[in-house]
Amino acid sequence: MADTNHRLPASVKDTHQRRMLAKALSNPMTEVRPFTQPSPYHIGEDVEVLTMHEARCGLGSFNRRDKFKVVLVLEGVNELHYTTRSFGINQPALVFTNRLIPYAWEVPEGFNEQQGYLCCFSESFLHSAMRGVSLKDTVLYKVEGNPVYFLSEEQARYFTDAFTRMRRDLESDYAHKEDLLRNQLSIIIHEAARLEPATAQHAPANAAERITSLFLNLLEVQFPITAQLREPVLKSASDYADRMAIHVNHLNAMVKEVTGKSTSTHINERLLTEAQLLLAHTDWGVGEIAYSLGFEYPTYFNNFFKKHTGTTPLTFRRAQAPALPA
């Protein structure tokens with residue numbers, strides 16, 4: 001099939017490119033994703049360093065909920081909506097995000113696509129270099145923290161060199177390149193922690209719709225469940241409100257206003273859908289599924305499942321099994 005993109009007006013192509021970049025930088029949008037069998041995740045897939053152009057072309061391999069991002073913005077204009085705050089980024093900056101904190105990038109109309117670098121990595125990849133410190137407990141990645149750090153010209157050069165070295169190391173055949181990457185990434189995080197954070201510009205417009213969108217996005221990015229040893233799923237409205245740094249009553253009111261359903265209803269429906277997928281498509285025991293979904297005891301999961309389906313998890317699983325030939 002012939003490529004028709006070159007026939008599009010420049011303004012249309014530019015708008016499309018900017019939207020693709022914003023999507024690559026943001027949390028994945030809420031969408032129905034097909035269930036895939038759980039599989040091990042190799043350490044070689046736990047870190048990647050890309051240019052903004054490469055990020056725009058696709059980040060499909062970085063949909064794990066434990067992925068963290070460090071974005072080095074060198075040129076262009078963008079706006080980061082981070083929980084209930086917004087930051088205008090119109091100069092060189094370092095930005096720190098992870099999928100457990102709702103956020104989204106937006107490129108304003110009329111501005112050129114941003115230039116810079118993006119590093120995606122898992123906490124397990126960096127764990128040894130950070131001497132056991134959880135990234136979620138550092139100021140750079142806490143929900144009440146500040147994710148944006150504006151850079152001077154000298155600082156921008158310093159971090160550009162760091163990202164360039166990381167790309168070189170990642171593409172090399174050096175046997176211990178992962179250690180080099182860990183150390184370089186650790187240095188970037190420590191150096192950033194010494195910088196003065198940016199100040200949020202304003203609360204985003206359409207508060208109810210944005211808060212609801214952030215809640216639904218935060219709910220969805222926790223799935224699908226692909227491993228039994230994982231962080232517990234957020235299971236209550238209070239869990240989500242704490243992660244979004246807003247009062248639970250405010251969250252409940254906004255979600256109800258926009259969707260007509262309560263926060264708890266959304267959470268329970270998503271947990272139930274994931275439970276049914278795991279029962280139908282894995283050989284995990286009911287207890288293993290219960291723990292993977294964040295239930296403290298299998299009996300709590302059994303009660304939850306029966307309350308919402310009218311049947312037990314085991315009965316549901318047996319009904320999904322193909323009939324044996326006579």
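Modeller: Helix axes here are lines fitted to C-alpha atoms over the stretch in contact, with angles from 0 to 180 degrees between N-to-C directions. Helices are DSSP runs of H or I, at least four residues, numbered from the N terminus.

This is a predicted model: local features need pLDDT of at least 70, side-chain atom pairs count only at 80 or more, and totals for chains, interfaces and linings use all residues. Residues count from 1 along each chain as written, and side-chain values use heavy atoms, without hydrogens or water.

Take H7 (residues 237-244) and H8 (residues 248-259). Their axes come within 9 Å and cross at roughly 105°. H7 and H8 are therefore roughly perpendicular (65 to 115 degrees; under 35 is roughly parallel, over 145 roughly antiparallel, the rest oblique).

Which residues meet? From H7 come Ala237, Ser238, Tyr240, Ala241 and Met244. They touch Val248, Leu251 and Asn252 in H8. Contact means heavy atoms within 4.5 Å. Of the residues in this contact, six are nonpolar, two are polar and none is charged. Nonpolar covers Ala, Val, Leu, Ile, Met, Phe, Trp, Tyr, Cys and Pro; charged covers Asp, Glu, Lys and Arg; the others, Gly among them, are polar.

Now the confidence. pLDDT is the predictor's confidence in each residue, from 0 to 100. The protein's mean is 78, and 74% of its residues reach 70 or more. Residues 1-13 fall below 50; beyond near neighbours in sequence, that stretch has three contacts in the model. Where pLDDT is low, predicted coordinates should not be read in detail.

Conventions. Helices (H or I, at least four residues) and strands (E, at least two) are DSSP runs, numbered from the N terminus.
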